[in-house]
Amino acid sequence: MAAAPVPEGAPVEPHDSNSSAESLDRLYPTVGSTKPPRKRTTSQCKSEPPLLRTSKRTIYTAGRPPWYNEHGTQSKEAFVIGLGGGSASGKTTVATMIIEALDVPWVVLLSMDSFYKVLTKQQQEQAASNDFNFDHPDAFDFDLIIATLKKLKQGKSVKIPIYDFTTHSRKKEWKTLYGANVIIFEGIMAFADKELLKLLDLKIFVDTDSDIRLVRRLRRDISERGRDIEGVIKQYNKFVKPAFDQYIQPTMRLADIVVPRGSGNTVAIDLIVQHVHSQLEERELSVRAALASAHQCHPLPQTLSVLKSTPQVRGMHTIIRNKETSRDEFIFYSKRLMRLLIEHALSLLPFQSCTVQTPQGHDYEGRTYSGKQITGVSILRAGETMEPALRAVCKDVRIGTILIQTNCNTGEPELHYLRLPKDISEDHVILMDCTVSTGAAAMMAVRVLLDHDVPEDKIFLLSLLMAEMGVHSVAYAFPRVKIITTAVDKKVNDLFRIIPGIGNFGDRYFGTDAPPDWSDDEDALST
């Protein structure tokens with residue numbers, strides 16, 4: 001049963017495609033009528049670079065959602081919307097409208113245009129004279145598309161090629177995308193591969209009049225891609241229109257929703273948005289329940305190591321927790337605690353036996369660090385205050401930084417900046433933040449390190465003060481990460497402040513003023 005077009009302004013219902021993906025041919029998908037509709041899941045994402053949509057504003061970010069299960073992976077796969085249609089049918093505009101109407105974070109737009117194959121020298125010459133068919137399925141790297149979309153759907157980071165339409169070639173640099181809740185995948189051949197179809201949870205076909213598509217293509221190719229009118233029309237008549245009739249239009253019957261006139265059909269956009277919202281709400285409830293269960297009166301995890309509470313350590317905590325302590329004293333005693341914390345963390349690194357000869361000519365049976373290198377990664381801004389202590393005890397230590405801040409409108413942590421040393425995957429990583437309350441930012445930082453192939457058991461999370469909730473959250477998501485702190489407080493209040501706590505560490509250390517709704521996590525981080 002083919003999808004019925006949705007007239008502008010008319011009520012819209014999602015179409016049950018009942019498609020049998022196993023029986024689809026690569027280029028000529030067929031539709032079966034016996035298989036029941038598969039259950040929809042949820043997720044979406046946009047980027048050029050990764051573009052985070054939040055309430056009434058746009059933030060460039062390489063962020064990712066903080067929802068993970070006990071294995072440190074997403075509790076549910078991303079919800080993938082496939083957006084197909086002819087060239088210049090308005091797919092990107094429809095995608096943008098969906099993103100705007102969703103008004104939620106973690107939405108990524110992945111364009112099929114990024115995945116054109118690398119051309120041979122002969123094909124380059126054909127493309128320069130408008131004699132190469134870019135509207136044929138063979139022009140796309142479907143293997144790379146499928147592998148990329150699979151990883152994104154699983155919440156993993158991916159490398160996306162950047163295609164230059166003026167030279168018909170891939171650029172040397174690639175961009176990095178991180179997983180998201182919702183992924184919108186758009187392209188003329190979005191439904192032209194059976195393996196690709198299996199990854200799409202909702203299929204939308206944008207149906208636009210051929211004359212309108214030609215006018216839009218002329219305007220786009222001339223103004224944005226440096227083409228001339230004669231070349232665009234030649235390419236359209238020779239390749240674009242025949243390809244639409246042969247490969248693209250037949251896939252309309254696979255769509256769950258057909259949107260005539262694209263962006264003009266606001267009813268269809270509203271229906272799509274409502275469906276995605278319902279899926280996101282369902283997932284959020286299930287994740288909250290899982291985390292709540294993890295936090296209920298469980299003993300502290302074995303991966304936690306707390307600095308011994310000697311009279312000296314207790315005395316320094318008394319000073320830095322006291323609201324009457326001056327800034328100079330706060331900085332001085334915080335630095336002392338940081339030094340002790342890092343020394344304690346280094347004692348947990350792997351060491352092996354070795355023999356050296358003393359100046360007196362005698363052998364000494366000692367120990368030496370058995371890893372390749374130690375890298376410190378600070379979660380800005382408070383984490384960077386721990387860098388001097390790490391440098392003081394680790395010669396030639398490398399330093400990376402991660403900036404994570406909470407969105408005031410959504411309450412979700414967002415990754416704003418990332419700078420990591422090369423080949424970090426072979427290092428033991430000291431991840432530094434001064435306070436951890438809920439654990440959300442710390443989990444995001446750990447997930448980013450895992451995305452850069454740092455083994456989970458080589459990550460050491462260091463914090464001067466942690467709440468039990470944060471400890472449980474991190475240990476629940478990443479059971480092999482070592483958690484090291486100088487003290488653990490039992491409670492977090494409704495504003496996510498650690499009780500009794502230490503106050504806003506960054507504001508006390510740097511002498512800045514805390515906002516009225518500050519939290520213990522630095523710069524309003526939901527750690």
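How many residues lie between β5 and β6 in their hairpin? There are four, and His 168 in the turn has a positive phi of about 55°. This is a predicted model, in which local features need pLDDT of at least 70 and side-chain atom pairs count only at pLDDT 80 or more, while totals for chains, interfaces and linings use all residues. Residues are numbered from 1 along each chain as its sequence is written, and side-chain values use heavy atoms, with hydrogens and water left out.

The names of the elements follow one scheme: helices (H or I, at least four residues) and strands (E, at least two) are DSSP runs, numbered from the N terminus. Strands of a sheet pair through backbone hydrogen bonds, either parallel or antiparallel. Here two strands are said to pair if DSSP finds at least two bridges between them.

Ile 160 has Lys 175 of β6 as its bridge partner, and Tyr 163 has Arg 170 of β6. Five of the seven residues of β5 are buried, so the strand is mostly covered; buried means under 20% relative accessible area, exposed over 50%, and partly exposed in between (1.4 Å probe, protein chains only).

Five strands make up an open sheet with parallel pairing, in the order β4-β7-β3-β8-β9. At its edges stand β4 (107–111) and β9 (257–260); each has a single partner strand, so one side of each is left without a neighbour in the sheet. From one strand to the next, the twist averages 20°. Angles run from 0 to 180 degrees between N-to-C directions, and axes are lines fitted to C-alpha atoms, for helices over the stretch in contact. Within this sheet, strand β3 (residues 79–85) pairs with strand β7 (residues 182–186) in the parallel sense over five bridges. Opposite Gly 82 stands Phe 185 in β7. Helix α3 (residues 142–153) packs on the sheet and touches β3, β4 and β7, its direction making about 165° with that of β7. Contact means heavy atoms within 4.5 Å.

Next comes a pair of helices. Helix α8 (residues 311–321) packs against α9 at an angle of about 145°, and their axes are 9 Å apart. The crossing of α8 past α9 is left-handed, a term used if the near helix is turned anticlockwise from the far one by less than a right angle, with right-handed used if clockwise. On the α8 side, Gln 312, Val 313, Met 316, His 317, Ile 319 and Ile 320 take part, and they meet Phe 330, Tyr 333, Ser 334, Arg 336, Leu 337 and Leu 340 in α9. By class, this contact of α8 with α9 has eight nonpolar, three polar and one charged residues. Ala, Val, Leu, Ile, Met, Phe, Trp, Tyr, Cys and Pro count as nonpolar, Asp, Glu, Lys and Arg as charged, and the others, Gly among them, as polar.

Not counting residues up to four places away in sequence, Ser 334 touches Ile 320, Leu 464 and Phe 505.

Another open sheet has three strands with parallel pairing, in the order β17-β19-β21. Its edge strands, β17 (435–436) and β21 (488–489), each pair on one side only. Strand β19 (residues 465–467) runs parallel to β21 and is joined to that strand by two bridges, with Asp 489 in β21 as the bridge partner of Ala 467. Helix α12 (residues 468–477) packs on this sheet, touching β17, β19 and β21, and its direction makes about 80° with that of β19. The helix is mostly covered, since eight of the 10 residues of α12 are buried, including Glu 468, Val 471 and His 472.

Arg 398 lies in strand β14 (residues 398–406) and counts as partly exposed, at 22% relative accessibility. Its C-alpha atom is separated by 7.0 Å from that of Pro 421, 23 residues apart along the chain. Leaving aside neighbours within four places in sequence, Arg 398 is in contact with several residues, among them Gln 373, Thr 375, Pro 421 and Asp 427.

Finally, the cysteines. A disulfide is taken as a pair of cysteine sulfur atoms within 2.5 Å, and by this rule the count comes to zero. Cys 394 is buried, with a relative accessible area of 7%, and Cys 434 is buried, with a relative accessible area of 0%.
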